[in-house]
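Colleague: I have a model open and would like to talk through how its parts hold on to one another. Could you take me through it slowly?

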Amino acid sequence: MMTELVNTFKEKFGSRGKIYTYFAPGRVNLIGEHTDYNGGHVFPCALTLGTYGVARKRRDNKLRFYSMNLDKRGIIYSNLNDLKPNRGAGWTNYPKGVMWAFEKRGFKMDTGLDLMIYGNIPNGSGLSSSAALEVLTGLILKDMYGFDVSMTDIALIGQYSENNFNGCSCGIMDQFASAMGKKNHAIFLDTNTIITYL
């Protein structure tokens, strides 16, 4: 899978420079629907389905995005000075929102980025593809720019960006399950305190 994704990335963006691959899972909730944004308890688990990313730092401030799931849209262009919500930007509002939220915390990207994604979460399935994309972007920024953030921070930044950049009043469950999920485990999370219980 990753080899195919990297080859497609090279076709779209060229083969120069160091190219990195990432994955963030979707989630299913076992107990606690609609309680996470009310400070209640939830019991989600991460899935093997999710969002794959291939990324490379640039030498300028440009941002280039491409989704294999939305091939007809082609490459979407932006830059680090344009981290503002824009309906015409479509799905790229999610990674741009995370970049914006990192900046709000004092983390500044010093160069732009080429980012290609592929998701195998079925559309409209309620398995948190947007949260997976937000966590994926957080992982990329942490890794490629050396930002000192924890996985819990990445989940909180993803939620903040979805609430304040994309205008969706979601709770923390989706991003937390994607960021903190472990194989063969579910998460019993108190969304009021962000404490997990084994």
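Modeller: Let us start with a term: buried means under 20% relative accessible area, exposed means over 50%, and partly exposed lies in between, with a 1.4 Å probe and protein chains only. By that scale Asp82 counts as partly exposed, because its relative accessibility is 26%. Please keep in mind that this is a predicted model, in which local features need pLDDT of at least 70 and side-chain atom pairs count only at pLDDT 80 or more, while totals for chains, interfaces and linings use all residues. Residues are numbered from 1 along each chain as its sequence is written, and side-chain values use heavy atoms, with hydrogens and water left out.

Colleague: Which residue does Asp82 form a salt bridge with?

Modeller: Its partner is Lys84, and the closest N and O atoms are 3.1 Å apart; a salt bridge here is a side-chain nitrogen of Lys or Arg within 4 Å of a carboxyl oxygen of Asp or Glu. Lys84 is partly exposed too, with a relative accessible area of 47%.

Colleague: And how many salt bridges does that rule give?

Modeller: The count comes to eleven salt bridges. One of them pairs Arg27 with Asp174, with 2.7 Å between the closest N and O atoms. Arg27 lies in strand 1 (residues 20-29) and Asp174 in helix 5 (residues 173-180), so this pair ties together parts that are 147 residues apart in sequence; helices (H or I, at least four residues) and strands (E, at least two) are DSSP runs, numbered from the N terminus.

Colleague: Is Arg27 buried or exposed?

Modeller: Arg27 counts as buried, because its relative accessibility is 8%.

Colleague: Switching topic, how do helix 3 and helix 4 cross?

Modeller: The axes of helix 3 (residues 129-145) and helix 4 (residues 151-164) come within 9 Å and cross at roughly 125 degrees, where axes are lines fitted to C-alpha atoms, for helices over the stretch in contact, and angles run from 0 to 180 degrees between N-to-C directions. That makes helix 3 oblique to helix 4, since angles under 35 degrees count as roughly parallel, over 145 as roughly antiparallel, 65 to 115 as roughly perpendicular and the rest as oblique.

Colleague: Which residues make the contact?

Modeller: Among them are Ser130, Val135 and Leu139 of helix 3, together with Met151, Ile154 and Gly158 of helix 4, and contact means heavy atoms within 4.5 Å.
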